Amino acid sequence: MSTADPGSGSPPLHSVSVAGAVVREDGRVPVIRRADNGRWEPPGGVLELSESPEAGARREVLEETGIEVEVQRLTGVYKNMARGVVALVFRCTPVGGSERTSEESAAVSWMALEEATAVMSEAHAVRLLDAFSDDAPHVRIHDGRRLTPA
C-alpha cells in the first residue's frame, strides 16, 4: 500500500540500500568509518536501478573496502522510518582484494563482532548480530540510531 498522498499522484518516497556483513574465517568482520559523518557501519550504500540486490552488495563492499565478496544469504531487512530507506543486508564471504579506504570510507578495520557492535549505533550493530544468527532473515525498523517497536 502506498504512503503517498492519493490525490497527489506521486509515488512513495523510499530508497533501497544494500550492505554486506562480510565474515572472515576467524569470525572478524570489516567495518568502515564513514567519511561523511564519522560513524562506524557495515559497508553498503544505495542500490542502483540496473542491479540486483546481491550485485549491489558486492559492488558496495568492493567500492568502500577494496574487498571482493561472495554473497551467501539475506540476513535482514531494515527500514529507517525517519528517512524512508529500506536496507537489505547480506552475509558475505571474502574471496579477494585487500582492504583500503575510499571517498566514502575514512577507515576500514577488521573487528571481532563484539568490537564492531560496540562502536556502532544500535540500528547498525543489529545488522551484524543478525548476520551471525541462525534464524535470519530478520525484519526490523529503526529511527536511524535505535530500533523501534514494530
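Q: Which residue just after helix 1 takes a positive phi?
A: In this predicted model, glycine 66 does so, with a phi of about 85°.

Q: Which residues of helix 1 are buried?
A: They are Gly56, Ala57, Arg59, Glu60, Val61, Glu64 and Thr65.

Q: What covers them?
A: The cover includes strand 1 (15-22), strand 2, strand 4 (44-46), strand 5 (67-80), strand 6 (85-97) and strand 7.

Q: Turning to strands 5 and 6, how many bridges pair them, and in which sense?
A: Twelve bridges pair strand 5 with strand 6, in the antiparallel sense. Within this pairing, glycine 76 stands opposite valine 89 of strand 6. Their hairpin has four residues between the strands, and glycine 84 takes a positive phi near 70° there.

Q: In what sense does strand 5 pair with strand 8?
A: Strand 5 and strand 8 (residues 138-142) pair in the parallel sense, over five bridges. Lysine 79 stands opposite isoleucine 141 in strand 8.

Q: New topic: in what order do the three strands of the open sheet stand?
A: The order is 3-2-7, with antiparallel pairing.

Q: Why is one side of strand 3 and of strand 7 left without a neighbour in that sheet?
A: Strand 3 (40-41) and strand 7 (105-111) stand at the edges, and each has a single partner strand, so one side of each lacks a neighbour in the sheet.

Q: What is the bridge partner of arginine 33 in strand 3?
A: The partner is tryptophan 40. Strand 2 (residues 29-34) pairs with strand 3 over two bridges.

Conventions
Residues numbered from 1 in each chain as written. Predicted model: local features only at pLDDT ≥ 70, side-chain atom pairs only at ≥ 80, totals over all residues. Heavy atoms only, no water. Pairing = 2+ DSSP bridges. Buried < 20%, exposed > 50% of the residue type's maximum accessible area, 1.4 Å probe, protein only. Contact = heavy atoms within 4.5 Å.
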